[in-house]
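Good morning, and thank you for making time for this. Please keep the sequence and the three-dimensional view open while I talk.

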Amino acid sequence: MTAYEDILRPTPKGLYCPPGDFFIDPVAPVDRAVVTHGHADHARAGHRAVLATPETLAIMAARYGANFTTTRQEAALGEVTRINGVDVLLIPAGHVLGSAQAVVEFDGKRIIASGDYKRRQDPTCAGFQVIACDVFITEATFGLPVFRHPDDRAEIAKLLRSVERFPERTHLVGAYALGKAQRVIALMREAGYDETIFIHGAMQKLCDLYTDFGVDLGPLAPATLKSERGDKQSFAGKIVVAPPSAFSDKWARRFADPVAAFASGWMRIRVRARQRGVELPLILSDHADWDELVTTIKDIQPQELWITHGREEALMRWAELNGIAARPLSLIGYEDEND
Amino acid sequence: MRAFAELLERLVYTPQRNGKIRLLTEYFGTTPDPDRGLAVAAVTRDLEIASAKPAMLRELIAERLDPVLFEYSYDYVGDLAETISLAWPSKPGANRTPALHEVVEALNEADKTAARKLIEGWLDGMDASERWALLKLITGGLRIGVSARLAKTALAAYGDVNVSEIEEIWHGLDSPYANLFAWLEGVGEKPSSNKPGLFRPVMLAHPVDEETPPDFSPDTHAAEWKWDGVRVQAVSENGVRRLYSRTGDDIAAAFPDILAAMDFDAVIDGELLIFHPERQTDGETFPVRPFSDLQKRLNRKTVSKKLLASNPAFIRAYDLLSHDGEDLRAEPFADRRLRLEALFASRKFDRFDLSPLVAFETAGDLATLRAAPPDDAIEGVMIKRLAAPYVPGRPTGEWWKWKRDPFLVDAVLMYAQRGHGKRSSFYSDFTFGVWTDDGGLAPVGKAYFGFSDEELKELDRFVRNHTKDRFGPVRQVQADREVGLVLEIAFEGLNRSPRHKSGVAMRFPRIHRIRWDKPSAEADTLATLKDMLPSDGGVS
C-alpha cells in the first residue's frame, strides 16, 4: 500500500512527488516543476523543466522572458501527462487564465493539488472542475466565515455608478496585473461599458496576452500623459486600471482628483480598505470565499483534506466539525495578500 | 434600509468634506420622509432608538456559527458589528428588508424578547452591508466621520440656505424633521424659531493681517482679551436653560455647574473656562486654568462629582444677545456692551463674570498687547467695531482676532504617512520628535499642513529617499544625529499628557518652516519643549 505522503508531500521547496520526481509550484529552482498558474509565488523562473498549460507557459515567458526554463512542456486542460509512471492531469481551477488543478494519480490513488481557485463564473478563464479524489489540497486565503464575496456584477455596477456620479474625476482601479485586471475589464465590458479603458504600462503585456488567447477586453489605451496623437489627456471621467502599488507611486499624480478604487477580496474588511486609503472598495476576488471553500470540499468529499496557505486554522476547525480528516501543510513562500 | 446602508458605506470611505456633503444631499433628494430625517437624526445622534446589547448579538450569532469560528473571525476583523454582519449566514426566502422608519418604530414599540426576534428576522433578510448599518444603528456606534455640524451644512446645501439659518432653528426641531425638509424644498414655511432656548448662530472674527493691520482707534473700536477656552452660548429663557457650542451642539450635560448658575433670563456669548477654586481672591474671582484642564470636561455625556469639584467651570461673558425677552442682536456692539456691564453691575453671578475691555490708543498698542498678554490663558486680543450689530457668520470689517505669536520648536521628522484623495501619492502627514536625555528622539506631534505644494513635493522626495522602514502606509525615515530633516513647528499651546510617551501634547501644530539648512543634532530637546508648558499645567 502506498501512503498518500509517498505520492505527494510538503517539502521546503514545495509539494514533492517522490515516484514522479517532480514538484508542484516549487518556490525554489528544481529539475522538474508542474506549475498550476502564472502568479509569481506559484510560477517562478529557473526550473529545468516546467509542465503547465499553454496559457501559463505564455504568461511565464511574458513575465520572465523566453528563457525562464530550459524545457517547456505544454499540457492542455484535460490532457494527461505521464511523468516517471505518475499520471498528471490538468483540469480548470477557475482562478486566472490558464490556471489548473494538478490531478496526480499513482498506484490507484488520486490527489488533487488545486493551486488557487474560485468557483464563480469568470469571463477570462475556464470554470473550476469538480473531480472526485482521495486527497484534496486546498488553499485557504479567504478561509474565514466573514469572507463572503458578493456578486461580481453588483461590484462592477458600483464602479460604473460612481463614474457617472463623479464625471470630473478619474477612477483609478487598483487590480493585480495578472488575472484581476483583465477580469475587471472583462466584467465592465459585460456590463456594457464600451469606452476606452486606460491601463498602466505594467499591464500592457498581460492584457495583450489575454487578447491573443481570445479574451475580448475591448478598447484599451496606455494611461500616458499624452495620447498617441500627442494631445495632453486629462482622464477626467475615465477609468484607469493600475497595479495597487502604483497608487503610492508618483505615477498617480497625473490624474485629476482620482477616486481610489481597489478590486480585491480583502476589501470586504472596512479597516483594511480604509488603511489603504481606498474610497471605492470593490470586493472582487480570484480566490474562493468561505462558502466556495466549504462547498468545494462537500462536492469533492475527499478522504483527506490538506490545507496549504491562508487562514488554515478556521478551515481545520470546520473540517473537524464536519468529520473530515484534515491537516495543514504549512507550506511557506505563498503570499496570500495578493488578490 | 438599503439606501441608508449605501449612504453609510459611501460616507465611511469618503474622506473629503465636499464629497460627504454631496452624498448626503443626494440621499436627501432621493429618500422619502421620514427615512431621510431619521438618517439625519442617526448622524447627529438625536435619534431615539431602543438599543441592543452586544451580549445579545453574540448570542444570536452563536446560534448560527460555531463559537470557535466566530472568535477566529472576530479576532481578524476586530469590530463586533462588522464581524456579525459578515459572518451571518444568509437565509434565502427571508422577509424583505424593512425601511429605516420601520426598524426604528418597531424597535421602539417592542419589549426585549420581541426586539430580539425582530433583529434576528431582519438580519436574515438583509445583505451584509444592510446588516452592518442595522447593527451600527442599534449598538449606537455610528462612527462614520460625519459631525452634526456637517449634517447641518449638508441640509443647508440641499435647501440652498445659509447654515446659520439651520442652526438657529435646529433645537426647535424634532426628528424626523419633515417640516424642515418641506421648507428646504420650498413647499413649506420656515419652521419657527420662537421656541425658548434656541441657539443663536454665532458671530466670528477675521484674523488681523499683520502686514497691513486695519486702522483701529478707540473712537470706533473696542478691544478685549481672547481667552483660551471654548466659545459658548448660554441661553436661559422662560425657564429653559441650554449651553451651546459655537456650532450649536448642546453641551449642557457635561456642565451642570454652569447650568445651575443660569438663574437669569438672557442669552450670553462668552468663553467657557476652568478656574482655580483655591486661588480665588476678592480681586480675582476666577483665576483661569490651562486649556488642558477644560479638555477633561469636554465631550462627556455625564460628569463625576469629583471632576466637578476639581475642575469647576465658569463663563467669561463677551456679549449679550438677548435680555428679558428682548433681542439685542441688531443693536450696535457699544450698546450691547453697556447692557452687559449693567447686568453684571446689577447683581452677583455664581459662575459668570465679565470679560474686561482693554484700553488702547493705537493699533500699535494692540500689537504690543497681543504679543505679551498678562495671563497664560490669554491667546491674543479681540477687536470689535463699536457700531457692529451681532451678525451670524464671519462678516468683514466688524470683528478681528489678533493672536499672540505661536510657540516655535525645531523638531526632527521621524515618520511620514501617505495622505488621502489628492494627496494619496504624497507622504503628507508628518510625525516629528525632539531629542531626549538618552540621545533618542521622542515623538511629540503630527502635522499635515503649513507647507506649499512645492514644499510638499520636496518633503515627499526626502521621505522616499530616506526611508528606513515601512509599516503599511507609514514610512519611518532616517532620523539620527548625522542625518535628519529639521522642521520648525509652530503650535498654539502645550499640554501635559500622560497618554503621550513624551508627556506633552501640542495644540494645533503645523509646519512653520522646513529647515533644510539645520543639522539634525541641533534640533530642540524635550527639556526645552517642556519649559514651554504653562506653569500650572496639568492640575486636575
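How many helices and strands does chain A have? Chain A has seven helices and 19 strands, where helices (H or I, at least four residues) and strands (E, at least two) are DSSP runs, numbered from the N terminus. Before I go on, please bear in mind that this is a predicted model, in which local features need pLDDT of at least 70, side-chain atom pairs count only at pLDDT 80 or more, and totals for chains, interfaces and linings use all residues. Residues are numbered from 1 along each chain as its sequence is written, while chains are lettered from A and ligands numbered from 1 in the order in which they are written.

Let me stay with chain A. Along its principal axes the C-alpha trace of chain A spans about 70 × 45 × 30 Å. Buried residues make up 50% of the 339 residues in chain A; a residue is buried if 20 or more other C-beta atoms, placed from the backbone, lie within 10 Å of its own, exposed if 12 or fewer, and partly exposed in between.

Now some strands of chain A. Strand S4 (residues 32-34) and strand S5 (residues 47-52) of chain A run parallel and are joined by three bridges, and two strands pair if DSSP finds at least two bridges between them. Within this pair, Ala33(A) stands opposite Val50(A). S5(A) also runs parallel to strand S6 (residues 69-74) of chain A, this time with five bridges, and there His47(A) stands opposite Thr69(A).

Val215(A) is found in the loop between helix H4 (204-212) and strand S14 (220-222) of chain A. Leaving aside neighbours within four places in sequence, its contacts include Leu97(A), Thr124(A) and Gln182(A), a contact being two residues whose C-beta atoms, placed from the backbone, lie within 7 Å.

Turning to chain B, we find 19 helices and 19 strands, and of its 540 residues 38% count as buried. Chain B averages a pLDDT of 92, with 99% of the residues scoring at least 70; pLDDT is the predictor's confidence in each residue, from 0 to 100.

In helix H7 (residues 100-109) of chain B, Leu100(B), Val103(B), Val104(B) and Leu107(B) are buried. Seen down the axis of H7(B), these buried residues fall within an arc of 95°, so they line one face of the helix, the arc being that of the directions from the helix axis to the C-beta atoms. They pack against several helices of chain B, among them helix H1 (2-13) and helix H8 (112-125).

Finally, where do the two chains meet? Here 29 residues of chain A are in contact with 24 residues of chain B. On the chain A side, the elements giving two or more residues are helix H5 (270-275), strand S17 (280-282) and helix H7 (312-321) of chain A.
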